[in-house]
Amino acid sequence: MKTIYLDNNATTAVAPEVRDAIVPYLSDLYGNPSSMHTFGGQVGDAVEAARENLANLLGASPDEILFTSCGSESDNAAIWSAVQTQPEKRHLITTRVEHPAVLNVIQHWERHGYRVTYLGVDNKGRLDMDEYAQALSEDTALVSIMFANNEVGNIYPIQRMSEMAHEKGILFHTDAVQTVGKTPIDLSHLPVDMLSLSGHKLHAPKGIGALYIRKGVRFRPFLRGGHQERGRRAGTENVPYIIGMGVAAQLALDHMQEERVQVALLRDKLEAGILERIPDSMVNGDIENRLPNTSNISFKNVEGEAILLMLDRLGICASSGSACTSGSLEPSHVLRAMGVPFNYAHGSVRLSLSRYTTDEDVDFVIEHFPQVIETLRAISPFKD
Amino acid sequence: MWNYTEAVHDHFLRPHNVGPLEGANAIGEVGSLACGDALKLYLKISEQGIIEDATFETFGCASAIASSSVLTDMIKGMHVEDALKISNKDIANSLGGLPKQKMHCSVMGQEALEAAIRQWKGEPPVPHAHEEGKLVCKCFGVTDAQIIRAIRENGLKTVEEVTNYTKAGGACGECLDEIGEILAAELKQTSFVELKPKQRLTNVQRMQLVLKTIEEEIRPLLAADGGDIELVDVDGLRVVVSLRGRCAQCRSSDVTIRDLVQRLLREHVEPDIVVEEA
Ligand code: FES
């Protein structure tokens, strides 16, 4: 059975180019980039080249890039630093629809006496800019707002929001884990202070991430020890994966423009095919303004885990905003924040594509999806 | 991905007895759309109280569908009084088990069955109204009576388990403290029951129990801190041990002996054991 992988917002396939680039650093080129000898030095040069690639992808300068172990670490480090460097400020702003890597950290500080504003969203998952403007205050240490939402794909107005924060002298962090590599980001024009990203969302391996820290922004290391990463993060660099992420960044830079178009076309075809063939289904999120690869669809009166399991039998990998898959019992916090009605929210499926998704994949899914929903609806007691 | 048994997969993919039942004279409904799972159980019960036919409709995950399907298989041909004895454990067992986070699906089956039979008997639909249940979890509409029942029938020990079995506490979490209190009260009661005076152990029994407790309870705890323990002697109620590894150099080794080793041995072997260091 062929695997049709439509869960790219969870993780992506390692690009063959990335894999090939990594291999030498797992064999001959094993030097420590911090060593004084030439053997380590050449590895250090490769790390710096990777840093440059990543900086290019973001419109940043290489010394603004800090390698971390993952997106979550980047988020944690950014928030930690903002809090530590401004002990006098006691207020934080974020949204209700953040990833847990931000939400749980902010909640941690809330338990430690910080005042937090959680911005709500409307039924399309959009933020209210007036609410945001009102929340910004002298006392605000940090605004942390995701660049794009992992579940529904909404892209938030980061440009405007970071400008507004800066007008009040407030630091701005964005979790761009779902955005980097999928849609252009130019930090030379976008005034965010810190930006988190993760390698495995752009066809590099899992276990590597980065944090962009704008020049001049005060930073306190989250991880202390040796002097790696110019003293901003201790620990010997994960050289092979850094190399891999550099190549992944280069690939994204070279092909993003055409890939976004191609992926969005496939996504739209998939979505339209499903909506057309399955009654009582609807797309969640801001259709006009979302990632090119993401589609979140709800099916009335069926439950998400059951859908996923049936898709899985067909070799289709997707993700669900339903509770049951994660062991918690509520529908996803994002869909709840958007006020998606319960009879739809429980039956939500996220389909996320990548450059490796093919036309045949999409056709196969369109062909088989309706049967899955039909079967489950036949069992369901709710038939209105 | 959940680790489902083949039986769960089977019942989920090819559920038995699906759909409304013509001529049903008892219907049990539990759950709701808001809760994320719901079950409607249709029964045809003869005048003699035999369940002649059973079907279901379920909204929910694979475990919920499989639990409903297997339940309808189980009860067909049964007398209602026997059917009422089916516990959620029986349902889960006949599926070869369910992941612990999914046990509430089997509870749903049991409750629907009960509700249907109550309807047939002409009793009020919600048994818990009778038991003067107080609403504990607003998110899932779970009463203290339901929680206590789940604790007793399944021997639950933690709040997390209560959530797995009843869903109470699985959403906003506001009711978690109250669940904790109910649980504590329940556990106290049962431990009272267990505190009957124990039979005096023979020397050999005591020795074996001490060894077992050291192996299974104490050693892993010490190992976590890089330490270890050796049994030197058991002389009546006097147990002599020697700490090893990190614990040996630890300045608070007497605390370890008293608060950990002695406490656990008293708990698991005999309440008046005295532990000494060699
Ligand atoms: S009241 Fe129990 S989880 Fe919300």
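Me: Helix H3 (residues 71–85) of chain A runs at about what angle to E7(A)?

Reply: This is a predicted model, where local features need pLDDT of at least 70, side-chain atom pairs count only at pLDDT 80 or more, and totals for chains, interfaces and linings use all residues. Residues are numbered from 1 along each chain as written, chains are lettered from A and ligands numbered from 1 in written order, and side-chain values use heavy atoms, without hydrogens and water. H3(A) lies across E2, E3, E5, E6, E7 and E8 of chain A. Its angle to strand E7 (194–198) of chain A is about 165°.

Me: Which strands of chain A stand at the edges of the sheet?

Reply: The open sheet has seven strands in the order E2-E8-E7-E6-E5-E3-E4 (chain A), with mixed pairing (two strands pair if DSSP finds at least two bridges between them). Each edge strand has a single partner, so one side of it lacks a neighbour in the sheet. Those strands are E2 (65–68) and E4 (115–119) of chain A.

Me: What is the bridge partner of A:Leu142 in E6(A)?

Reply: Strands E5 (residues 140–144) and E6 (residues 171–175) of chain A run parallel, joined by three bridges. In E6(A), the partner of A:Leu142 is A:Leu171.

Me: How is H1(B) oriented relative to H2(B)?

Reply: Helices H1 (residues 6–13) and H2 (residues 62–75) of chain B pack at about 85°, with axes 8 Å apart. Angles of 65 to 115 degrees count as roughly perpendicular. That makes H1(B), relative to H2(B), roughly perpendicular.

Technical notes
Axes fitted to C-alpha atoms, helices over the stretch in contact; angles between N-to-C directions. Helix = DSSP H or I, 4+ residues; strand = E, 2+ residues; numbered from the N terminus. Parallel < 35°, antiparallel > 145°, perpendicular 65-115°, else oblique. Contact = heavy atoms within 4.5 Å.
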